[in-house]
Amino acid sequence: MESNMDSRLIQGIGLYTDPHQQAQVLGYFEQLKLSPDGWKHCGETLLKGTADENVSFFCFQVLEHFISNRFRASTPEDQQHLRQVLLSWLQLKVTSEGQEKNFIKNKVAQLFSLVFIYDFPAGWPTFFSTLLQVLQLGHKSVDMYLRILLAIDSEVVDREIVHTPEEAQRNTLLKDEMRVRCVNDLVESWYQILETYESTHPELACDCIEVIGLYVSWIDIGLIANDRFVSKLLNYLGIDVLRESACDCLHDIINKGMDPIMKTELIESLMKVLEEIGVIPPKQDEDVDFLAKLARLVNGMGCNLIISWQKQVKIKDHISAARTLSAVESKIPLMFQFLGHEDDDISLAVADFAKDYITVLKQIIHTNAAQKEFLKQMLYIILKKFEFDESYDFDSQGEDEAMFQDYRKQIKVIFDNLAQLDQQLVFSAVHQYVTTTLSSWKTVNFTQVELSIRILFMMGEAIPANSGNHFSGEGQRVAAMKSMMEKLITCDVVSHPHWIVGLQYMETVARYEKYFLLQQEHIPKVLVAFLDNRGLRHKHPTVRSRCSYLFLRFVKTLRVNLQPYTEEKLLLMKSLLAPTIEKFTTTFEKLCCEKDPNVQEKYAEVISYAISLASRSSKAFHTQATMKQHGCEGCYTEALEIFLQALNTPHQHQVLHSAVRQYLHRMIVCLGESVLPYIPIAVQHLLKQCEARDIQEFIPLINQLISKFKRVIAPFLQEVFMPIVTTIFNVLAQPSDQMDMQANRDKRSLQKGYFNFLQVLVINDLAEVMSNQEQQHFHQILMTIVEGAVDPDQDPVAQKTCFNILKRLHDVWGSKGVASKQFFHNFLYEYIIPAVFRAPFNFQDAQSMLALNEAASLLTTLKISEEESLLIFLQQKFLPVILHNDKIVEFINGLRTLDSKQFKTFFKTFFQQMRT
């Protein structure tokens, strides 16, 4: 290893685009990691101060590898050398004119933290005093000091990082040592940093405040919760660049674990000061980012007070509990102010406070008038916040729209909790809102109309009913639900011009389909809405797509009740398919002639959607009998004949093949044997131009055919078996870039699919499809199964499948009476039995252990059929090559005497011993 490292290689780090060059560079740095002195060479390079950020980062990674793996076992001289490298680099950089990149500074801070956890206090007792001395070198040194403290918090304190019991014990000891040795000095340094840099370098003051907030969780609260620090933090609330950090720090202070009475006093005193200085309540024109921080602070106050109240109730300190509850409820109006804010992030910041307060009221036997009023206000705020904003883009939903949907899900938890706490209140409010809004849906904003239907929909989850039926029995709840559903159906709101309203209508009638078991007079109205241009023929694709599924649910539940409307329903269904097929035909003709790839893609999407629509509409029929019974077999068969044309497409074959495959899946279910004449041509085309994902998606189709028709299609399978297998082999053999992770995943999935295909054949008594092939092909197939069982890179689920196939094949051909399968018998002893002992098993992986059990099961099956032949082969020919004589005797005795369950346990233990 050259002391100056390979400059030719490292100069191009970050510039190389060629994979070979990148691999060469990475390989070189791997050598440096493994070299005893590689870290020293990297240290020398770093201290020259001339390396760019890419080289520096790689060098620091080499140092990190040494610290993590060899530092504790290294000599005292090497340990001191490492410390000196870090300190020298730190002094070099904080006194230089240039500015290091943040990712380099963070990496160095991480290295300091790693040395700290391994070296403090025994090896480096002056760790913190040394760092404190560096602070004199200016603001750059302060920046690094604070980054190191943040890194130490991440390694030692951060509760979100999972630690082993040993690491947790180590971290506890480190904190204990810090409390004794240096915490007071650290706290003083923080105060001096705030004093020195709050005006000139406010970003450092913000970082320092963050450090204080993190460390206050485990140091003496009195070091921070005092006039000196708190007055500064309160003062910072009036400084734009510092107030968000100050707010977070105050939140961290009140989150500190302490006696509940002390916690209440701390929060109340802080609240009083915040009100006195005019921070609370916030101004109407306050900056939203600061409001979000302030809301988080109020949320922390409320949640911590509730925790204190729960502790006091638990120990039956009723006087203190009453005082604490009063403190909680004095902050409810402020919480409502944030909860109802137009900015969803601000609203969500106090959601935990709202949920926890509801939990408090659940524990109080008799709520008073003020508490009931709080619940009512909260409910109306939540309902208002559910409403879509005017800026919501329904047709092109992006990140903002996804965030609002997530927000809805989170505040729905508050709605559900309110409903569980006070059903009467929620039913009364929802009933009033729904009936009022639906009565005037033509004149109010569509967002309000959608909300009225949505909250009716939500009642089904918020207040579950027996057997999911909200309309059976008596009482105000049932009457309110019936009243709202009747209003929904009779007011014709499904005809609203905005598609989101109609979609929510369909979602709601499908959810409450059991209503129509009791009120059957409303079925025709809803049925027609589903099947006309308000549902399956709606101009918006989202409505059409979703209605296909919802209509299926509706029909399933009301199958018997829909019989009087069968003719009308089927006429509508047929008229629905007719334009779909027409659209397919005209668009496919355009696709075949189109030269522009972008236009081709759009045409393919239209064709795919047309086929998918026909597929989804078929879900109203569960079997061939139900399709024949309703007279629809002909129209779906005709559609199949037409859709098969798409398999011969000159363009966009992946998209169209996928759509046709999906339709064939449905037709196998709905047409039964009537689909078989169309299968050969479909398979012929589906096997053309195959990539890994194409054939991978084809295999479930052929598996479905095998499982459905079994030996009926044996002659057909006999013909197509080798074309299918050959296509799979050719795709797997295609070279691919090792860096292309998706291509490699597709190949692994295809290999698993291939083994599943063979397993389905054997399970369905079609093993002769393999054995009736030419002997060289039959041997090749068997070899792939064996190789799949012993491949060290094989997925353990696929490995288990391979052993299962071999076991089943032996069940078919292994009997002594099957003379025609002598070939398989020879193969059994030459390849299959040795595979059981060659197979790699990971004893820490549950799936791999299932594969081992399958291998053991294969051996016990062979023992029964082969009898002494197997035992003689193992004892005299095979096992002596790999085992000592005493182990051979032990294994043979176990195989001969143990039952299947006992042998699996024995085999696992034996295999572990054999591997060690």
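Phe903 sits in helix α45, where helices (H or I, at least four residues) and strands (E, at least two) are DSSP runs, numbered from the N terminus. The model is a predicted one, so local features need pLDDT of at least 70 and side-chain atom pairs count only at pLDDT 80 or more, while totals for chains, interfaces and linings use all residues. Residues are numbered from 1 along each chain as its sequence is written, and side-chain values use heavy atoms, with hydrogens and water left out.

Back to Phe903: its relative accessibility is 0%, so Phe903 counts as buried. Here, buried means under 20% relative accessible area, exposed means over 50%, and partly exposed is what falls in between (1.4 Å probe, protein chains only). Leaving aside neighbours within four places in sequence, Phe903 is in contact with Ala856, Leu859, Thr860, Phe891, Gly894, Leu895 and Leu898; contact means heavy atoms within 4.5 Å. Ala856 is 47 residues away from Phe903 along the chain, yet the C-alpha atoms of the two are separated by 7.1 Å.

Helix α44 itself runs over residues 885-897, and its 13 residues reach 18 Å from the first C-alpha to the last, close to the 18 Å expected at 1.5 Å a residue. That expected span is 1.5 Å times one less than the number of residues.

Zooming out, the chain has 45 helices and zero strands. Its C-alpha atoms fill a box of roughly 90 × 85 × 65 Å, taken along the principal axes. Of the 916 residues in the chain, 51% are buried. Looking at contacts between residues at least 6 apart in sequence, 71% join residues at least 24 apart.

How do these helices pack? Helix α33 (residues 653-671) and helix α35 (residues 692-709) pack at an angle of about 15 degrees, and their axes are 10 Å apart. Axes are lines fitted to C-alpha atoms, for helices over the stretch in contact, and angles run from 0 to 180 degrees between N-to-C directions. The angle makes α33 roughly parallel to α35, given that angles under 35 degrees count as roughly parallel, over 145 as roughly antiparallel, 65 to 115 as roughly perpendicular and the rest as oblique. On the α33 side, the residues making the contact include His653, Arg661, Leu664 and Ile668, and on the α35 side they include Asp694, Phe698, Leu701 and Phe709.

The second pair is helix α13 (residues 240-254) and helix α15 (residues 288-314), which pack at about 10 degrees with axes 9 Å apart. That makes α13 roughly parallel to α15. Among the residues that meet here are Arg243, Cys247, Leu250 and Ile254 in α13, and Phe290, Leu294, Leu297 and Met301 in α15.

Helix α37 (residues 741-763) holds Asp746. With 13% relative accessibility, Asp746 counts as buried. Apart from neighbours within four places in sequence, Asp746 is in contact with Ala692, Arg693 and Gln696.

Most residues other than glycine have a negative phi, and most peptide bonds are trans. A cis peptide bond, with omega about 0 degrees, joins Phe120 and Pro121, and Pro121 lies in the loop between α6 (102-119) and α7 (127-134). Another cis peptide bond joins Ile280 and Pro281, with omega about -5 degrees; Pro281 is in the loop between α14 (260-276) and α15.

Asp492 has a phi near 65 degrees, a positive value in a residue other than glycine. Asp492 lies in the loop between α24 (476-490) and α25 (499-511), and at 27% relative accessibility it counts as partly exposed. Asp765 also isn't a glycine, and has a positive phi of about 60 degrees. Its place is in the loop between α37 and α38 (768-771), and with 47% relative accessibility Asp765 counts as partly exposed.
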